[in-house]
Each structure stands twice: as structure tokens, then as C-alpha cells.
Amino acid sequence: MSGWYLQRVSIEGFRGINNEGAPLVLKLKPDCVNSISAPNGVGKTSIFDAIVYAITGRIPKLEDLPAAEKGPSYYLNRFHSGGVGTVALTLEPAAGGAEVTITVQRDAAGARTVSASNGADGDAILADINREFVLLDGKTFQDFIDFSPQKRGRSFAGLLGLKRYSALRQGLASLANTKAFNNHFGVAAKEATQNSATVTAQRARANIKEAYTALVADEYDPAEAERTMLAKAHSALHGVELLRPICEGRTFEEIDPSACVDAAKTAEGGEAREQLAKILRDQTSWIDAAKTAPSEEDAGRLIELADARDTALQVTQGDLFHQLYGLSETILADDSWADKCVCPACDRLDTNSVLNHVRRKLADFEAVEAASANLVQEWTERGWNQLEDLERLGRRPEEVAHLAEAKDIGVKGTLDGTRARAVTEWLKTLTDRADAKVAELTDSKLALEKSLPDKLTAVVEKAEAARRLQTNLSDLRAAMKVYSAVGAELARIARVKTFLDAASSSFASSESATSARRLIAIEPVTRTIFAAIMFTDVVPALKKRVGSEDLSISLAQFWTLPDISAQAVLSESYRNAFAISVYLAAASLYGVGAKFLILDDVTSSLDSGHQFHLMNVIKGQFARPGVPSGPQVVLLSHDTVLEKLFNTNANEGEWWHQCIQGTARTAVLPQSGAIHKVRDATHAFLDTGNTDDAAPRIRQYLEFKLEEVISKVGVPVPIAIAFNDDKHMAKNLIDAIKAAVDLHDAARRLVLEPAQITGLGTAVATIVSNYLSHWSTGQTHAFTAPSLKGVMQAIESFASCFQFEHPAGSGQYRYYRSLSQKF
């Protein structure tokens with residue numbers, strides 16, 4: 001897409017614009033500078049909000065309100081009965097072609113719908129024109145100055161046309177964040193699983209060595225091929241005459257040790273052999289279980305680490321506060337939360353950065369996490385989570401299974417000092433029982449062996465050794481399989497992390513370099529615009545550190561001083577001019593999708609002279625048609641001085657100016673042509689006796705007709721009236737007109753006819769006594785429909801006193817040229 005101009009805006013039922021059944025329609029001209037004026041509270045900012053919502057899908061000032069304020073419920077006009085807000089933007093392709101009207105609606109539930117004419121993709125067009133420099137208000141410029149360097153840099157990326165690149169850079173940096181990355185992939189849990197597999201494999205290897213020696217009567221060589229080792233084990237069993245039938249035709253791992261024991265039992269012909277086999281099995285189980293127990297040194301280390309975690313945890317306030325601080329940091333660090341000194345939880349303003357405070361609190365939790373990680377490593381590497389067999393053998397039915405209960409806690413790293421001591425004491429009890437049981441079984445074994453032939457005793461021992469060898473070989477293979485699978489997964493994860501680190505670093509460098517190049521182009525244009533607005537020896541400067549997102553602002557020259565902090569010395573007006581210059585420079589160089597800018601009340605901090613300079617910059621150096629390749633500009637303002645400037649420019653051509661009047665309760669209408677709608681609507685209300693809605697419209701109609709008279713016949717008005725926007729405005733205008741009439745009458749130069757002079761006095765008396773005297777004191781309850789109809793007639797009569805029929809007999813009336821001239 002090559003860009004869009006804004007031709008028309010239609011709004012109904014949105015924010016301060018009710019207009020039920022008759023949308024506010026503002027026609028704009030792509031080849032003119034467009035301006036819209038309105039008194040405070042009429043609906044100017046609602047127009048801006050409506051366009052913001054249509055393009056972006058949200059109004060930040062409402063969404064950022066505390067939840068209790070229910071900001072999203074204020075999108076729609078509260079007086080509109082339809083419960084739906086509608087905003088329609090008519091756009092003209094800059095390259096030519098048919099116009100497209102995009103209609104955006106929001107219902108009371110907050111649902112948003114977008115439709116477009118001519119089969120166009122409304123969402124795609126809105127996304128194309130959604131740029132940082134399209135919708136600008138005074139707050140935008142203030143934020144640009146007050147932002148942190150990083151946030152300013154991210155905002156600046158949008159001005160440079162690099163918004164998507166900046167977002168991608170932030171996304172890559174977020175993905176490459178080690179802590180978040182590891183949490184997402186569960187690296188700690190996988191490493192714990194791998195550690196457990198390592199411990200299991202180590203124990204299995206030790207047991208294999210012992211079982212092999214007992215079976216083969218030879219030293220175990222770990223370097224020996226497994227096939228050779230299994231062949232020797234098979235040979236050891238096959239060499240026993242009694243067991244040969246069981247071994248023939250089977251591999252070592254297919255031999256059933258229980259069948260070997262049964263064969264020995266049958267050969268012996270007694271129960272003693274079976275009892276010996278059971279003792280040997282029980283002895284093996286107890287010995288193997290006892291071997292898994294960590295040492296006393298390991299127990300002391302576990303307690304030490306658990307105590308260290310407890311100490312770190314005492315500084316924090318528990319997991320709920322961890323969640324609170326984590327969420328608070330996410331909110332505070334987000335670009336949409338401008339003031340880092342305001343707490344997102346309670347909306348209180350602090351003198352110091354709440355974000356820094358939250359991060360200090362989170363650092364305490366990070367210390368807990370580090371201590372927990374150490375605890376997990378100790379728990380898994382020393383096999384504390386693999387003591388099920390020992391506890392099963394040594395625990396009595398009425399006793400608590402401390403190790404089983406602590407297993408998951410230990411893997412999670414949340415074992416406290418009290419539980420660690422309970423676990424280690426319990427382990428000592430179990431190992432003592434294991435030692436005693438092994439000794440008891442050894443004595444029983446020796447006693448039985450004395451009563452049995454040596455040869456058969458050896459057969460049973462070999463059979464049990466074979467059982468141990470088979471079991472531990474199986475355990476070793478399973479452990480190695482887990483170790484390999486988890487290791488492969490961790491390796492894949494590590495490759496992803498390496499890629500993300502490299503991609504994040506590479507993309508950050510490229511984005512930073514591109515941003516720096518565009519910054520070089522923007523800075524001289526910024527300085528030119530700033531100089532044309534402020535006319536002073538102050539030179540703004542923009543600095544971006546290589547490889548960083550940070551954008552710093554400063555003053556290259558502050559009269560005679562070089563390199564001065566902009567934020568420290570600039571007044572509000574200079575700050576505003578600085579930001580405006582940056583945005584206009586960026587828009588002039590890198591405007592793509594939208595070929596228009598909407599500026600809402602951006603001159604409030606500038607005095608009249610600098611406002612005039614800014615308008616000249618926009619008109620002559622920036623906007624269409626003064627700069628044919630420039631953007632279309634739409635200015636929204638309530639400043640009466642600017643309105644006079646807008647009117648002057650409009651008279652010179654190449655400028656399109658409109659005024660709006662109305663209220664949020666009734667309707668907002670363009671003043672040009674709309675005054676007849678106000679008159680007709682007022683009569684309609686009075687015909688039904690609705691004085692509440694009619695009374696404020698009468699004031700609007702009265703002020704328009706008074707201003708029309710002043711403008712048409714050239715009545716001089718005191719300058720103070722231009723700045724008076726309260727309910728006494730109409731009375732001041734009447735006084736100014738009456739004073740001018742009296743002056744011309746005294747000088748015998750008044751062109752009005754005697755009947756008109758008399759009618760003027762009568763109309764003024766009706767308007768003042770029957771309306772303004774009540775309105776100015778707020779006594780609107782005194783109005784009746786007939787009395788207000790009389791006021792409307794008096795307003796018409798007042799205006800007609802300054803008109804004459806032309807041509808005579810035609811029934812058409814026109815205003816006198818002045819109070820002293822007919823034509």
C-alpha cells in the first residue's frame with residue numbers, strides 16, 4: 001500500500017458524541033491543512049479518541065484507569081440509547097483510486113467489529129495506518145521527553161518506521177532471557193532427572209561389580225565388552241552340573257535365578273535350602289538399600305543448604321508476594337505504564353521509583369531461587385529422592401514415611417531446615433536398622449550353611465548373585481536410556497538457546513545500526529523545524545548508543561553552552577517544541593501507510609507567537625499543499641487565538657477550517673450549516689414541552705446569531721470577549737452590538753431604519769429578561785416552552801434588525817455591509 005488520506009470522519013454514540021440518528025460528519029480535504037475548533041467540553045477530544053480507537057482498537061487513557069474506575073465502560077456515550085458506538089473513516093488512496101470507508105463499531109460488552117466498503121480489508125488498512133506519528137496529542141510529546149531512554153528509544157523506533165523490527169528485537173531478547181528460557185523448557189527439572197539417572201547408574205555399576213565377582217569369582221573389568229562379561233557369567237552358572245539343564249539354550253539374561261534355587265532345593269530335598277535362598281535374597285535387598293543412603297557428610301550438607309534457603313526466604317514475604325512483585329514488575333516495565341513512581345497495585349505516588357523497589361524485592365526472591373537450585377542439586381545428586389527401598393524395608397507400619405513425604409519437596413527445592421533435620425535423623429534410624437538387619441541375616445545364613453552341604457550352598461549363592469547381576473544390568477540400561485534421552489533433549493534446548501542468543505545479538509546490532517542511520521537523517525530536520533518554531537540559540541540533539549535501544553535527548557547548544565541536559569534546563573514550551581520537531585521530522589522522512597497526521601491540542605504550552613510559528617512550519621514546510629509530498633494535517637484546538645488564525649488562513653485558501661458546537665448529552669455538530677439543525681431541533685423540543693434539552697440549544701443558537709451579526713456588519717468587539725467562554729458570553733456580545741449601534745446613532749451615521757432600532761430594543765429586552773437573566777444564574781427550571789419559543793422568535797427578530805430586503809419585493813434578505821453602509 002502506498003498511503004491513505006483522510007476524507008471524512010463520521011461518529012455516533014462514542015465518548016462525548018451522542019448524535020443519535022444523526023452522526024457527526026466532518027469532511028476533510030487532502031489538499032488542505034485542516035483545522036477544527038471547539039470550546040472546552042464540546043467534543044473535540046472525543047473526535048480524537050474516536051479516531052484513535054478506530055485505528056488502534058483502544059483508548060489508552062481509559063484502559064489505564066484503575067479497575068475500580070471501569071474505564072472500558074466509558075467508550076460509549078452514556079446518553080445514546082442504542083448501546084453501540086460507531087466510527088467511520090473514509091480514506092482516499094494516495095496513489096489514486098476509489099475511496100474506502102472503514103466502519104468500526106463497539107458494543108456495550110466491548111466487542112469490536114470492523115467492516116469496509118468495496119470489498120477492502122479494513123483490518124489490514126487500519127494496521128497500515130497505525131503509526132506513532134499519526135495520532136498525536138500534548139501528552140505524547142510530554143511523554144517523549146519524560147520517558148526513560150530505553151522507552152523513548154522503543155517509541156522512536158516507531159517514528160523511524162522500525163516498529164516491527166523493534167518489537168521483534170524485544171521479542172528475541174525476551175526469548176533469549178536465560179531465566180525465562182529455562183523456566184519455559186523446564187531445564188531445572190530435566191537436569192534433576194538426569195542427575196537422578198546418573199546416581200542410579202553409579203549404584204548399578206557398583207552392584208554389578210560385586211555380583212559379577214560373587215558369581216564368576218574374578219575381578220570385574222569395566223572396560224571389558226558387555227558380551228564377554230555376560231558370556232563369563234553364563235559360563236559360571238553353566239559350569240554347575242545341577243544348573244546346566246536350566247542354562248542350556250538360554251542367554252545369561254534368559255536364565256531364571258528362581259529356577260536355579262528350586263533346582264538346588266529339589267536336590268537337597270528339604271526346607272532349609274529354601275530358607276537359605278530367602279535369607280540371601282533378603283540380605284541382598286537390605287545391603288543394596290543401605291548402599292543408597294547418603295553419608296553423614298551429605299546429611300550435614302543438606303541441612304546447611306536448607307538452612308541457607310530458610311535464611312534467604314525470611315527476607316521475603318512468601319510466594320504470594322513473589323507473584324505480586326513479579327506481576328508489578330511486568331506492569332511497571334511495560335511501555336504503557338509511564339510513571340514508574342506510581343504503584344500499580346494501589347495507585348499511590350511515591351517519591352522514588354516503584355519499579356526499582358519491586359526489582360530489589362525480586363532480587364531477594366532470586367536469592368531464594370538460587371538457594372533452592374543448590375538444594376535441588378544436592379537432593380538429586382546424592383540420591384535423597386531414591387531411598388524408597390530403604391524406607392520400605394526399615395519403616396514400621398505405625399511410623400511416618402518422612403522420605404516419601406519429602407521426595408517431591410526436595411526435587412522442587414522447597415525443603416526447609418526443620419524437615420531436613422527430620423529427614424536426616426530418620427535416615428540415620430533406617431540405616432541403623434539396616435545394619436542390624438544385615439547382621440541378623442548374616443548370622444542366620446551362617447547357621448543354615450553349617451547344616452547344608454557346601455556345594456549346594458554355593459549353588460544358591462551363585463543363583464542369587466546372578467539375580468543381582470541381571471537386576472542391576474537392567475537398572476543400568478534403564479538409567480542410561482533416561483540419561484541419554486534427557487541429555488539429547490537438553491542438548492536440543494541448548495542449541496535453541498545458542499541460536500536465540502546469536503539471533504538476538506545479531507538482530508539487536510542490525511536494528512541499532514539501522515536506527516542510528518535514520519537518526520542521522522532525522523536530526524538536522526529536527527533542528528531546522530525547532531529553529532523555525534522557537535527562533536532561539538538552542539540546538540536540540542538526539543543520541544543513540546551503539547547496540548542499545550536507549551535514545552538520549554540533549555542540547556548540542558544552549559546559547560553559549562555546549563552539551564547540556566534537555567530535561568534539566570528546558571521549560572515546558574521548549575520541551576514541547578523539541579518533541580514536536582522530532583515527530584514532524586520523522587513523519588516527513590518515514591511516513592508510509594498513513595499520509596495524514598491528527599494533532600490534538602498540541603500547542604497549549606506555547607505562547608501565541610510560537611503557536612503562530614508552528615502553524616507557519618506546518619503550513620509552509622511540512623504539510624500539503626505547501627509541500628506537495630508532505631502529509632495531510634488535521635489540527636484540533638480549543639484555543640480562541642488559534643481559531644482566529646485558522647479563520648484567517650481559511651480565507652487565504654489551501655486551509656479548511658470548521659467549528660463544532662454541542663453537548664455530550666444531545667449532539668455535536670459542525671457550526672457551518674449545522675446551526676439550522678440546532679434551530680429546528682430546538683423548535684421540535686419546545687413543541688413537545690422538553691425545555692431541559694431546548695434551553696442549552698437556545699444558548700448555542702443565540703451565540704451563533706450574535707457572532708453572525710458581529711461578523712457580517714463589522715461590529716468591533718473588546719478583546720476580553722475573545723477569552724470569555726462562560727455563560728455571560730451572549731450578554732457581552734449583546735452589549736458590544738448595542739454599544740456600536742448607540743455610537744453610530746449618536747454620530748447620525750446609523751443605517752438601521754427607525755422600526756429596526758425599535759425592534760432591536762424589544763428583541764434585546766426579551767432575550768435578556770426572559771432568558772439570559774435566568775440562564776446566567778442557573779435557574780433553568782423557570783423556563784416554560786412558550787416563553788422559550790418567544791426567545792427563539794426574539795433571536796430571529798434581533799438578527800433581522802441588521803438585514804434589508806434585496807432586491808426589493810423579492811422576499812430575500814441580506815445583512816447591511818456595516819452599521820453605516822447598506823451595500
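What follows is a short chat about how to read this predicted model.

Colleague: What should I know before I start reading?

Modeller: It's a predicted model, so local features need pLDDT of at least 70 and side-chain atom pairs count only at pLDDT 80 or more, while totals for chains, interfaces and linings use all residues. Residues are numbered from 1 along each chain as its sequence is written, and side-chain values use heavy atoms, with hydrogens and water left out.

Colleague: How many helices and strands does the protein chain have?

Modeller: Helices (H or I, at least four residues) and strands (E, at least two) are DSSP runs, numbered from the N terminus. Here you get 29 helices and 16 strands.

Colleague: What radius of gyration does the protein chain have?

Modeller: That radius is taken over C-alpha atoms, and the globule rule is 2.2 Å times the number of residues to the power 0.38. For 823 residues, a compact globule would come out near 28 Å, but this chain has 44 Å. Its C-alpha atoms fill a box of roughly 155 × 60 × 55 Å along the principal axes.

Colleague: How many of the residues count as buried?

Modeller: Buried means under 20% relative accessible area, exposed means over 50%, and partly exposed is in between (1.4 Å probe, protein chains only). In this chain, 45% of the 823 residues count as buried.

Colleague: What share of the contacts links residues 24 or more positions apart?

Modeller: A contact means heavy atoms within 4.5 Å. Among contacts with a separation of 6 or more, 68% join residues 24 or more positions apart.

Colleague: What lies at the start of helix H7?

Modeller: Helix H7 covers residues 178–185, and at its start a side-chain oxygen of Asn177 comes within 3.3 Å of the backbone nitrogen of Lys179. Just after H7, Gly186 takes a positive phi of about 60°.

Colleague: Now the loops. Where is Asn77?

Modeller: Asn77 is in the loop between H2 and S4, and it is buried at 5%. Its side chain reaches the backbone nitrogen of Phe79 at 2.8 Å, and a polar atom of that side chain lies 3.3 Å from the backbone nitrogen of His80. Beyond four places in sequence, the contacts of Asn77 include Gly13, Phe14 and Ala664.

Colleague: And which residues does Gly71 contact?

Modeller: Gly71 is in the loop between helix H2 (60–63) and strand S4 (84–93). Setting aside neighbours within four places, Gly71 is in contact with Leu62 and Leu65. Gly71 is buried, with a relative accessible area of 1%.

Colleague: What about Gly689: buried or partly exposed?

Modeller: Gly689 lies in the loop between helix H24 (671–687) and helix H25 (691–713). At 44% relative accessibility, Gly689 counts as partly exposed.

Definitions and conventions. Polar contact = N/O pair within 3.5 Å; in protein donor to acceptor, adjacent residues only side chain to side chain.
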